[in-house]
Structures are given as C-alpha cells and as structure tokens.
Amino acid sequence: TRAQEEDWRRRNKTVLTYVAAAAVGMLGASYAAVPLYRLYCQATGLGGSAVAGHSSDQIENMVPVKDRIIKVTFNADVHASLQWNFRPQQTEIYVVPGETALAFYKAKNPTDKPVIGISTYNVVPFEAGQYFNKIQCFCFEEQRLNPQEEVDMPVFFYIDPEFAEDPKMVNVDLITLSYTFFEAKEGYKLPVPGYN
C-alpha cells in the first residue's frame, strides 16, 4: 500500500542519515586520533612515546653513562592511503644514556602530484619511551613533498641518564624507534601546548 511505501522511504532515509553521520564521525575520529595520541603520549610517556619538555640546560649538563651501551634500531611504515617511499637511512646506531644522537629518515613522493604527509611514532619497549627524548624531529608536523621530491628527515634525540638507574630497564639494551606516515590534508596542523 501507499502508506507502507512512505513508511519504508522514511525508514530508508533515516538509515541513510545514520550511515552518513557514522561515516563523517569515523572520518573525524581518524583525524582527531593523531593529535589526541600526540597529547596523551607526550604528556605521559605511555605508548612508547617520548616525553615533551626538555631544556637546553638539561641537555648541556647531562653526564653520559659510558658503561651502558644501547642499540637503537629504526623502523619506517607508510599507511595504505599514502604512496610515499619512506625508510630509515641507518638500520641501527649505538648510544649511551646522556649522550645526544642524530639519525635520518628518507622520504620520497614518487607520484606526479604534491602530497602532504604527517607521522606518528612509538618506542619499543614501551616502558623505555619515558626516557627517549627528541630534541628535534619531523613527527606530528606536515611534510609536503612535490612530485618526485625526495627529502632527508633528521631525528635528534637522547636517552635520559636516569634510564641507567631504573631497575625495570636493567635488561633493556635494544630500543626500536618506529615511525608511520599518514596522508594529511593541506593546512591541517597539530599544535601541542608547550611543545616546540
């Protein structure tokens, strides 16, 4: 009957509205996930993330713990939506707590259009993240690569000397720094209060 048809149309419209709202919500949640992840991890050191907020005085006055050598390995991943080539330029370096170190990643946009990427990172084992401090890195900032452009991306970091005093870190002599790049939209910034 006509009344049933109108009822079906109304229900279908309602279902489509819910589906559209859910799709928009999921898209919004995916964009919100990166800044929320950044805020949470950098504030707490959880999730294998380095903690924000180190001063230049602290860096200058660090005393290296020479008898504690740590191997740092590097990993690079790219989300399926981003067609970049992304890799670490070194597979591993050896550092001691209280000593700064510099590593490089390389990214290339092999496509014929400009692409903007944005990265997250983590540190494994997760418990070591609170001691892994980045002085300079490309994480959480937009990186625009033009067609066929290739760039070097530095990561300047140190492991806090307190790492050597933590009983939970006594058997940790290997740390992996892992980055994942996602595609970002132009003008999409991820500010974090108090983090430069």
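Author: Two residues are in contact here when heavy atoms of theirs lie within 4.5 Å. The model is predicted. By that rule, and not counting residues up to four places away in sequence, Glu149 touches Ala107, Lys108, Asn109 and Arg144. Glu149 sits in the loop between strand E7 (143-145) and E8. Lys108 is 41 residues from Glu149 in sequence, yet their C-alpha atoms are 5.7 Å apart. A polar atom of the Glu149 side chain also lies 2.7 Å from the backbone nitrogen of Asn146. With a relative accessible area of 27%, Glu149 is partly exposed.

The protein chain has two helices and nine strands, in the order α-α-β-β-β-β-β-β-β-β-β from the N terminus. Of its 196 residues, 38% are buried. Among contacts with a separation of 6 or more, 78% join residues 24 or more positions apart.

Now the interior. In soluble globular proteins, nonpolar side chains tend to be buried together. The largest nonpolar core in this model holds 36 residues, and Tyr105, Phe157 and Tyr179 touch the most other members. Strand E1 (70-78), strand E3 (92-95), E4, strand E5 (115-124), strand E8 (150-159) and E9 each give two or more residues to this core. E8 gives the most, with five residues.

Beyond its neighbours within four places in sequence, Phe157 is in contact with Val72, Phe74, Ile93, Val95, Glu99, Thr100, Ala101, Ala103, Phe132, Asn133, Lys134 and Ile135.

Phe86 and Tyr105 make one of them: their ring centres are 5.3 Å apart and their planes meet at 20°, so the pair is stacked, the limit for stacking being under 30 degrees. This pair joins distant parts of the chain, with Phe86 in strand E2 (residues 85-88) and Tyr105 in strand E4 (residues 100-108), 19 residues apart. Phe86 is buried, at 9% relative accessibility. Tyr105 is buried too, at 0%.

Tyr105 takes part in a further pair, this time with Tyr179: the centres are 5.0 Å apart, the planes are at 70°, and the arrangement is edge-to-face. Tyr105 belongs to strand E4 and Tyr179 to strand E9 (residues 174-183), so this pair ties together parts 74 residues apart in sequence. Tyr179 counts as buried because its relative accessibility is 0%, and the limit is under 20%.

Phe86, Tyr105 and Tyr179 are among the members of one aromatic cluster, together with Phe74, Trp84, Tyr121 and Phe181. A charged residue lies over one of these rings: Lys134 is over the face of Tyr121, at 2.9 Å from the ring centre. Lys134 is also among the contacts of Phe157.

Phe74, another member of the cluster, is touched by Gln90. Gln90 is found in the loop between E2 and E3. Leaving aside neighbours within four places in sequence, its contacts are Phe74, Ala103 and Phe104. The Gln90 side chain reaches the backbone nitrogen of Phe104 at 3.0 Å.

Glu141 is a loop residue with another setting. Glu141 lies between strand E6 (132-136) and E7 and is partly exposed, at 42% relative accessibility. Beyond four places in sequence, Glu141 is in contact with Gly117 and Ile118. The C-alpha atoms of Glu141 and Gly117 are separated by 8.3 Å, and the two residues are 24 apart along the chain.

A word on confidence. The chain averages a pLDDT of 77, and 65% of the residues score at least 70. Over residues 29-53 pLDDT stays under 50, and the model has 59 contacts beyond four places in sequence for them. Residues 188-196 also stay under 50, with 20 such contacts.

Note on methods
Residues are numbered from 1 along each chain as its sequence is written. This is a predicted model: local features need pLDDT of at least 70, side-chain atom pairs count only at pLDDT 80 or more; totals for chains, interfaces and linings use all residues. Side-chain values use heavy atoms; hydrogens and water are left out. Rings of Phe, Tyr and Trp (its six-membered ring) pair if their centres lie within 6.5 Å; planes under 30 degrees apart count as stacked, over 60 as edge-to-face and the rest as tilted. Helices (H or I, at least four residues) and strands (E, at least two) are DSSP runs, numbered from the N terminus. Buried means under 20% relative accessible area, exposed over 50%, partly exposed in between (1.4 Å probe, protein chains only). A charge sits over a ring if NZ of Lys or CZ of Arg is within 6 Å of the ring centre and within 35 degrees of the ring normal. A nonpolar core is a set of buried Ala, Val, Leu, Ile, Met, Phe, Trp, Tyr and Cys residues joined through side-chain atoms within 4.5 Å. pLDDT is the predictor's confidence in each residue, from 0 to 100. A polar contact is a pair of N or O atoms within 3.5 Å; within protein, one must be able to donate a hydrogen and the other to accept it, and residues adjacent in sequence count only if both atoms are side-chain atoms.
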